[in-house]
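Reader: Could you walk me through the pockets of this protein and the ligand that goes with it? I would like to begin with whatever term I need to follow you.

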Amino acid sequence: MTAKLIKGTDIREEILEEIAAEVKEIKDKKGVVPGLVTILVGEDPASMSYVTLKIKTADRLGFKEIQENQPTTISEADLLALIDKYNKDDSIHGILVQLPLPDHIDDKKILNAIDPDKDVDGFHPVNVGRLMIGGSEVKFAPCTPAGIQEMIVRAGVETSGAEVVVVGRSNIVGKPIANMMVQKGPGANATVTIVHTRTKDLASHCKRADILIVAAGVPGLVKPEWIKPGACVIDVGVNRVGEKVSEKTGKNVAILRGDVDFDAAKEIAGSITPVPGGVGPMTITMLMKNTLSSMKYKLGMM
Ligand code: NAD
């Protein structure tokens, strides 16, 4: 059996088209567009490339987009003042602070200073609490878990009553996706187990999963014999396992592998996400969706 591929690259395009159409409709009717500010401190190459991708996507969708590039010498007080400025700016619906921040700045203090109603990353404790309550309390689900749930739904995988096993208990992937899948509502209603480094028998839990979500950051951790035949496998892991020369650019690029042994797993699973091109493209997509939602909340449309 060869599993159906759940491609994040294709789902991203579907969702971005839906967002662009909605942005245009609201702009024509009400004369407003979603406003997103990205705050980047310093010149870390990985952070710069993430921010560039976010900006490009926002531009493509017709958002108002402000880039705040600040030197590493910026003080914590000045960064807090910058956040305060955008908290008060009615044309801005989403504020993003790219992590990591320099050592002299307290990440937590900065992230907690963002107005929860503009926290489109969904990391503010208020939004974490709203996610835990579920239902109509939820404003912004964190982007990677939101992308995972969206992929499962769009792939037509039944979640109600399904056994979901989540490998990993991080605050940005494992815990929130487990919480989302256990809620009442569409794309959820599942029976959820979280496994982690202290779990006694990882394999036996994984083998029960109708939907196996793996976010451990360990290449090839999940073996093919741990997969229930026909299961949906969502591989969140992105691990650099080497370098190769790109055929397109002639430059050295990273070789990426997931947490699942993909080649063998695809012969057993019913559906599976590839790495790269699976969950990866969904994160920025859901960030854009959250920014559009933020504007719609403000306009009383949601
Ligand atoms: P993390 O390191 O914060 O958490 C990893 C979790 O996996 C921990 O809770 C740990 O207990 C568990 N774990 C690690 N090794 C294990 C093992 N051998 N057995 C059982 N459990 C184990 O990582 P994270 O931020 O949640 O990210 C996980 C992976 O997902 C990474 O590869 C990361 O690059 C990737 N990721 C991808 C995206 C995306 O594609 N958009 C977003 C976030 C994270």
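This is a predicted model: local features need pLDDT of at least 70, side-chain atom pairs count only at pLDDT 80 or more; totals for chains, interfaces and linings use all residues.

Reader: Okay, which residues come nearest to the ligand?

Author: There are 20 residues around the ligand, and R169, S170, G217, V238 and T283 come nearest. By class, this shell has nine nonpolar, 10 polar and one charged residues.

Reader: What is the distance from the ligand to the side chain of S170?

Author: An N or O atom in that side chain of S170 is 2.5 Å from an oxygen atom of the ligand. A polar backbone atom of V238 is 3.0 Å from an oxygen atom of the ligand, while for T283 a polar side-chain atom lies 2.6 Å from a ligand nitrogen atom. The ligand on its own has 850 Å² of accessible area, of which the protein covers 70%.

Reader: And which pocket is the space taken by the ligand?

Author: That space is the largest pocket, with a volume of about 1800 Å³. The largest pocket is lined by 48 residues, and V238 and T283 are among those nearest its centre. The helix α2 gives the most to this lining, with eight residues.

Reader: Switching topic, how much space lies in the second largest pocket?

Author: The second largest pocket holds about 750 Å³ of space. It is lined by 29 residues, with V138, A141, Q149, E150 and M180 closest to its centre. Here α10 gives the most to the lining, with seven residues.

Key. Residues are numbered from 1 along each chain as its sequence is written. Side-chain values use heavy atoms; hydrogens and water are left out. A residue is near a molecule or strand if one of its heavy atoms lies within 4 Å of it. A polar contact is a pair of N or O atoms within 3.5 Å; within protein, one must be able to donate a hydrogen and the other to accept it, and residues adjacent in sequence count only if both atoms are side-chain atoms. Accessible areas come from the Shrake-Rupley method with a 1.4 Å probe; for residues, only the protein chains shown count as cover. On a 1 Å grid over the protein atoms alone, a cavity is a set of points where a 1.4 Å probe fits but cannot get out, and a pocket is an open set with protein on both sides within 12 Å along at least five of seven lines; lining residues have an atom within 4 Å of a point. A molecule sits in a cavity or pocket if more than half of its atoms lie within 2 Å of its grid points. Ala, Val, Leu, Ile, Met, Phe, Trp, Tyr, Cys and Pro count as nonpolar, Asp, Glu, Lys and Arg as charged, and the others, Gly among them, as polar. Grid points are joined across faces, edges and corners, and a volume is the space filled by probe spheres set on the points. Helices (H or I, at least four residues) and strands (E, at least two) are DSSP runs, numbered from the N terminus.
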